[in-house]
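Visitor: I am new to reading protein models. Could you walk me through one, feature by feature?

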Amino acid sequence: MKFIKSEGRCFIIPVCVILCLLLVLPALVFAEEKLGPIEVEKAEVKTGLMIPTYSKYQGKIGEYKVFDRNPRPTWGFMGIGKVYDTYFQAQGFYEDKKDQVYAVDLDWRRSIKGQFGYQRFRHWTEHDPLTLPYPSIDEDEGSNYTFTRTLTNSKLSLTCPHYPNITVNFGYREEGRYGHRQGLSMLGWELLGNKKPLEQTTRDYTTGATLKLGILNFEDTFWYRTFKDEAPGKHEWSEPKFERYQNTFAASAYLPWYTTFYANYTYYNVDSKGFEKVFNRKAEINYHTVQARVTNNAIKNLTLTLAYRYQNVDNDDIHKWYNSTLGSSMTREVNTWSVDAAYRFALIIPTTLKYGFEWESISREDGVLDEVIYPKTQRKTHRLGLTSRIPLFSDKKGKLRIEWKRDDILNPFMNKRNWTFAEEIGEYYPQLTCQPTDSDIVRWRFGVPIISSLELSLDGEWGFQNFRPVRMEESQWKERYAQPSITLTYTPTTNLSTYLSYACLWRRTHTSFAGSVLTTRYVGNDIKYKEEEHSWTVGMNYQMMADLNLSGYFTYIKQNARFDSSKLSGSDLDLLADLGGLSGHDIDTVEFSLDCDYRISRTLSANVKFIYEHFNDDMIYLYDMDGNGYMGLIGLTWKPL
Amino acid sequence: MGKNGLSIKGVILCVSLILVFSFICACKSGVMRSKPLAPTIPGASYVGDETCLGCHEDANPDLMGAYKHSIHAAIADFETTPYGVQKGCEACHGPGSIHAEGGDPANIINLKKVTPDEASAICLKCHKSGALMEWQGSEHSLNGVSCIDCHKIHQARSAIQRAKAPSSAWEREVVRPHALIKAEPDLCYKCHKEIQTRLNYTSHHPVREGKMVCSDCHEPHGGPRLIKTEGRTINDACFTCHPQYQGPFAYEHDPVVEDCTICHEPHGTVVNNLLKKTEPFLCLQCHHTHSPISSDESVKQVVGKKCSYCHPEIHGSNAAPHLGARF
């Protein structure tokens with residue numbers, strides 16, 4: 001661990017000493033007491049055989065699953081109980097050397113609590129063979145690119161019974177990405193693909209304390225993070241490496257008049273070591289935020305909340321490469337105010353009516369826009385919602401929720417580089433953005449039991465987002481979408497539950513297109529993006545006999561996305577008119593899972609599973625990723641107690 | 001302030017006026033709350049767990065069996081001391097002497113029969129630290145979601161309910177159920193069906209494979225927009241697992257430092273890498289022009305497929321101003 005050797009030794013040793021002392025102190029409190037007995041609440045061991053296979057390509061069907069391995073044994077365990085005065089819980093599952101999960105919880109007299117976890121899984125990534133009519137070379141033809149993501153997580157909290165108001169916490173998290181993915185680059189005008197190794201490691205060290213003093217609660221957390229990619233063959237300019245320090249102080253208070261107050265202050269600093277290596281100077285991000293929230297319940301059935309948040313992001317070491325007087329887009333100051341009111345009443349049915357208003361102002365550092373027309377982004381958001389629980393049957397209630405959200409945004413985020421050119425030549429050219437000036441989103445949820453065994457649920461979201469140009473000649477952007485779904489749940493008997501659902505997404509996006517900002521003005525040509533998805537799912541859970549349970553589901557999804565630039569045909573942008581056909585998607589996927597559990601005896605049970613996955617894209621994008629995956633699993637679980 | 005902007009003073013004034021007006025109206029009409037938010041049983045005293053179990057161990061054997069192995073049954077005296085709360089059944093259900101005498105269910109607190117605010121207030125007597133410091137006034141709280149809509153207070157530490165057959169070998173291996181009514185993500189799908197639909201799309205985070213859960217990114221107990229930011233920016237939530245894009249980089253791509261969700265939809269998309277739209281449309285929304293695009297068919301094949309063929313370092317670079325990788 002290079003970190004400890006080089007940079008961390010100065011504070012790791014004192015931290016370890018403090019940790020040992022803190023571990024010993026609570027133990028001394030109980031030193032005179034008798035230790036308790038050994039109890040096992042639950043114990044099970046499982047083993048099985050996994051038989052995966054696939055046809056064609058495995059990367060899409062098994063992006064996170066394993067279909068490309070030989071039949072292999074799996075094993076798992078779970079143990080819950082008490083060893084003397086230590087409660088423990090241990091779980092683990094081993095599928096393959098790249099797919100494992102383990103967790104251990106320890107709880108010693110509620111005074112020392114620890115959580116330790118480890119998991120790893122494989123992520124399959126794209127390998128584009130670069131079969132283009134353009135000069136291109138794939139230097140690593142035929143190989144598969146995957147990386148393994150590992151996560152180690154440990155948390156320890158200590159409370160001394162003599163000082164129950166204070167809890168001290170420690171945490172360690174290590175995340176790794178090890179493997180390969182495809183690297184793309186231009187060599188001259190030739191496109192080059194090669195194997196890019198990944199050896200990324202993120203280490204997080206946290207420590208904090210909580211103090212409870214009557215109506216007051218305080219919490220402070222310090223977090224130190226390091227990130228580096230130690231893959232061989234990396235150039236110094238392509239080495240992302242940084243250190244990050246963060247401290248968060250939070251306080252809450254239960255005040256008179258049914259009022260609660262919460263506030264926090266966070267500061268962090270990110271120091272890019274990778275940047276320093278290339279440019280021989282520091283590049284740091286400094287971030288400060290203060291937020292406060294007051295909530296009052298003094299009026300019966302009414303909750304009022306007032307909140308304020310200030311954020312300051314300082315990335316002053318970075319400037320735009322094309323204009324060194326312009327700062328980074330990250331550097332900004334944000335002020336956010338919000339007020340929310342929720343009123344619960346029950347004239348006929350219990351209902352909650354909610355209204356919220358939020359106002360946000362973002363002052364950006366890349367202030368070229370000061371000299372044009374748009375110095376700040378300002379957003380006003382209104383949210384109106386209604387939630388109701390309708391009593392229909394003695395044991396079941398209908399649920400209704402409708403929410404409308406309205407955003408009114410002045411000067412949304414946009415491509416400012418255009419404005420730079422515009423400023424240079426003293427003219428205003430089209431605003432280029434995919435962010436709206438006004439947005440309306442409606443969400444609904446209506447669940448109603450039609451009869452006591454049949455429940456209908458209608459859910460969905462509808463949105464209309466529009467960029468309103470200020471000047472007649474400016475570009476336009478708008479998007480409309482609808483995402484309704486219907487679910488029927490049928491439970492004819494207590495041992496059988498079935499469901500059927502259909503969901504779809506319909507989305508249309510338009511962007512008005514201009515050619516070169518230096519030569520062509522906005523001419524009103526629209527490019528349209530169409531996206532449609534339809535998904536059908538049917539599933540069931542059937543307790544056939546006291547010892548036999550059967551469950552399964554089948555999902556079919558049709559997904560289509562493409563854009564249409566044919567309107568550009570015949571214009572001076574004719575070259576772009578047929579681009580839309582090159583990157584479309586017309587995908588069908590099927591997922592089927594059947595699971596059967598059978599209890600052979602009081603201590604032994606068997607499990608059989610079958611999983612099927614199918615992916616097919618009729619419009620081949622990049623390369624043929626169609627494939628079918630099959631997986632059979634046979635397992636035995638032994639519960640000795 | 002901008003043309004259409006509100007001044008901060010104006011907002012404060014409006015809000016203050018609304019609050020003062022509401023307060024005066026409420027006082028006049030007698031709608032002010034007079035009892036503690038967490039309900040109590042007037043005149044009752046604490047009788048201890050033995051008395052409760054005397055009846056309920058036989059009447060509700062499953063419930064009591066689960067409770068005995070729950071986290072609530074395991075808590076130590078010193079944990080409730082700072083809050084002045086009695087340990088055991090009566091910590092949540094209120095003092096039980098009157099209920100024990102007559103057996104009337106009206107004389108004991110049933111969390112399912114009080115309002116969501118009252119039910120949550122009972123839990124908040126002890127659960128005050130961490131993310132729960134932010135619960136009051138949070139998104140879920142304002143929408144009438146109470147603690148018991150997601151958690152079971154009698155749940156045995158080992159128990160968990162799964163709604164469907166597993167889609168991968170290890171999906172059913174639920175780690176740390178946190179006394180949830182159902183395991184994530186099925187619990188969240190109960191109310192957020194639109195998210196369930198998106199997670200079914202071809203490109204998705206490995207939630208349906210059981211290798212991630214909603215609460216890896218979301219903080220259901222509070223926080224801005226329920227994202228796990230701990231007071232930071234929305235991008236910081238993404239940087240938890242994708243730190244390689246944190247920067248700072250000498251050459252930035254503006255939308256990357258603004259908000260990851262300008263280009264990505266984290267819950268699921270048709271297009272690879274969680275991109276909201278297929279390339280090059282995604283890029284053409286903000287970049288209407290490109291000098292190397294020519295009538296050459298081979299160049300069009302590259303441009304029409306992916307802008308990131310030539311600009312692979314799209315998240316930022318210390319080497320190439322145009323975000324292209326170099327050798």
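Guide: We will go from the chains to their strands, a helix, the interface and the cores.

Guide: This is a predicted model, in which local features need pLDDT of at least 70 and side-chain atom pairs count only at pLDDT 80 or more, while totals for chains, interfaces and linings use all residues. Residues are numbered from 1 along each chain as its sequence is written, and chains are lettered from A and ligands numbered from 1 in the order in which they are written.

Visitor: How many helices and strands does chain A have?

Guide: Helices (H or I, at least four residues) and strands (E, at least two) are DSSP runs, numbered from the N terminus. Chain A has three helices and 29 strands. Chain B has 15 helices and zero strands.

Visitor: How do I read strand pairing, and which way do E21(A) and E22(A) run?

Guide: Two strands pair if DSSP finds at least two bridges between them. Here E21 (residues 438-451) and E22 (residues 454-467) of chain A run antiparallel, joined by 13 bridges. A hairpin of two residues links E21(A) to E22(A), and Ser439(A) stands opposite Gln465(A) in E22(A). On E22(A) there is also an antiparallel pairing with E23 (residues 477-493) of chain A, through 14 bridges; there, Phe467(A) stands opposite Trp477(A).

Visitor: What does "buried" mean, and what percentage of chain B is buried?

Guide: A residue is buried if 20 or more other C-beta atoms lie within 10 Å of its own, exposed if 12 or fewer, and partly exposed in between, with C-beta atoms placed from the backbone. In chain B, 40% of the 327 residues count as buried, and in chain A, 32% of the 641 residues do.

Visitor: Which residues of helix H8(B) are buried?

Guide: Pro116(B), Asp117(B), Ala119(B), Ser120(B), Ala121(B), Ile122(B) and Cys123(B) are buried. That is seven of the eight residues in H8(B), which spans 116-123. Among the elements covering them are strand E14 (302-314) of chain A, and helices H6 (89-93) and H9 (139-142) of chain B.

Visitor: How many residues of chain B are in contact with chain A?

Guide: Two residues are in contact if their C-beta atoms, placed from the backbone, lie within 7 Å. By that rule, 106 residues of chain B are in contact with 150 residues of chain A. On the chain B side, helix H15 (297-305) is among the elements that give two or more residues, and H15(B) gives the most, nine.

Visitor: Can you show me one residue? Why does Glu533(A) count as buried?

Guide: Glu533(A) is buried because 24 other C-beta atoms lie within 10 Å. This residue lies in strand E25 (residues 525-545) of chain A. Its contacts beyond four places in sequence include Cys504(A) and Ile557(A), as well as Tyr201(B) and Val270(B) from chain B.

Visitor: And what is a nonpolar core?

Guide: In soluble globular proteins, nonpolar side chains tend to be buried together. A nonpolar core is a set of buried Ala, Val, Leu, Ile, Met, Phe, Trp, Tyr and Cys residues joined through C-beta atoms within 7 Å. The largest one here has 26 residues, and those with the most contacts inside it are Leu191(A), Ile527(A), Phe281(B) and Cys283(B). E25 of chain A and H14 and H15 of chain B each give two or more residues to this core, and H14(B) gives the most, four. Ile527(A) is in contact with residues including Phe513(A), Phe281(B) and Leu284(B). A second, separate core of 15 residues includes Ala119(B), Ile122(B), Leu124(B) and Leu187(B).
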